[in-house]
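Me: Could you take a close look at the place where the ligand is held, and walk me through it slowly?

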Amino acid sequence: MAPSAVSPELAHRVPVLANKKVEGSNNGNGVQASKQEGLTKDVESMLGNWSNFTFAPIRESQVSRAMTRRYFADLDAYAESDIVIIGAGSCGLSAAYTLGKLRPDLRIAIVEAGVSPGGGAWLGGQLFSAMVMRKPADAFLDEVGVPYEDEGHFVVVKHAALFTSTVLSKVLQMPNIKLFNATAVEDLITRRDAGTGDVRIAGVVTNWTLVSMHHDDQSCMDPNTINAPMIISTTGHDGPFGAFSVKRLVSMKQLEQLGGMRGLDMQTAEDAIVKNTREIVPGLVVGGMELSEVDGANRMGPTFGAMALSGVKAAEEVLKVFDLRKAENSQ
Ligand SMILES: Cc1cc2nc3c(=O)[nH]c(=O)nc-3n(C[C@H](O)[C@H](O)[C@H](O)COP(=O)(O)OP(=O)(O)OC[C@H]3O[C@@H](n4cnc5c(N)ncnc54)[C@H](O)[C@@H]3O)c2cc1C
């Protein structure tokens, strides 16, 4: 993939506060924010000098404002997104990386229910460290710069966390992507076509995950929303949180029933997940293990190539219909 720059349009739309530096002025908090002589040091020069060590001065409200200002600016900017990715597991992060790189002009929100993004890809399988990827998924490792050992038909990354942390750090550095973690998607926004009666997905309904977990014992905790012409759902297979969007499609009668994830067959499972990653209803592409619940695909066990390449395919499927869905979404 050829690297591309952030479009001037997006640069204008994404929050700019993060780039503002307050230097040499009293910023209204009673604390001089000037760059003080001698405070900017390299780490090596700190060694052996701890008796003279001190941090730059700060007032507590500065810390609060530094965080809240940016977060609320992001909530404001991303309330209208181009693409929302539900779930920051290996598939969602791979989709985000691919989209963020191919289309730096698009505003992409990732909504992840957990505090820690990464889903099930922090270990390779059971509690073992190494991550196995069957070829040709090594192409994605080359793309993001994760080293591996070549074992012929498959490659091995020495620790699954190396894959996940590398993709995550690349995604988080992209200026057109915002990760909202500790935030659960509670529902989908829908529109019904006046002519055909078909339902299209037009965004997501979100809430703090901790709030989502307390709907049974607290009231008045209405959700927030993000409008977007395209959603990618990668919430993993069925479980307390998993298969979220496809289960909702069944309850909305947009899918007759789920196929249910089938028994383990590594040989066929990975091909099926990648090849069938697609737009399930207009506006909603499903990838990763969530898709196994729709199609009744086999589980694959601890081999992650399908998750990465399903993410790449999800990005491609989104871009195929993006202009059409965007036009529909503006009506
Ligand atoms: C019992 C069990 C069996 C497994 N068997 C297999 C197997 O056979 N094959 C296999 O490949 N893997 C298996 N795994 C685990 C494997 O790590 C994941 O399936 C794999 O990481 C899937 O990647 P993914 O990106 O599709 O989803 P995940 O890595 O599961 O990521 C999904 C992410 O979506 C988030 N999420 C879920 N719902 C919401 C929501 N409503 N809003 C926002 N975020 C949400 C989750 O917090 C999570 O971070 C198994 C795991 C378990 C627990």
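Reply:
**Around the ligand**

A polar side-chain atom of E112 lies 2.6 Å from an oxygen atom of the ligand, a polar contact being a pair of N or O atoms within 3.5 Å. This is a predicted model, in which local features need pLDDT of at least 70 and side-chain atom pairs count only at pLDDT 80 or more, while totals for chains, interfaces and linings use all residues. Residues are numbered from 1 along each chain as its sequence is written, and side-chain values use heavy atoms, with hydrogens and water left out.

The backbone takes part as well: a polar backbone atom of V185 is 2.9 Å from a nitrogen atom of the ligand, and a backbone N or O atom of M289 is 2.9 Å from an oxygen atom of the ligand. Of the 970 Å² of accessible area that the ligand has on its own, the protein covers 77% (Shrake-Rupley method, 1.4 Å probe).

In total, 27 residues surround the ligand, and the closest are E112, G120, V185, M289 and R299; a residue counts here if one of its heavy atoms lies within 4 Å. This shell divides into 12 nonpolar, 13 polar and two charged residues, with Gly counted among the polar ones and Cys, Tyr and Pro among the nonpolar ones.

Turning to the elements, α4 (90–102), β2 (108–112) and β7 (183–192) each supply at least two residues of the shell, and β7 gives the largest share, three residues. Helices (H or I, at least four residues) and strands (E, at least two) are DSSP runs, numbered from the N terminus.

Note on methods
A polar contact is a pair of N or O atoms within 3.5 Å; within protein, one must be able to donate a hydrogen and the other to accept it, and residues adjacent in sequence count only if both atoms are side-chain atoms.
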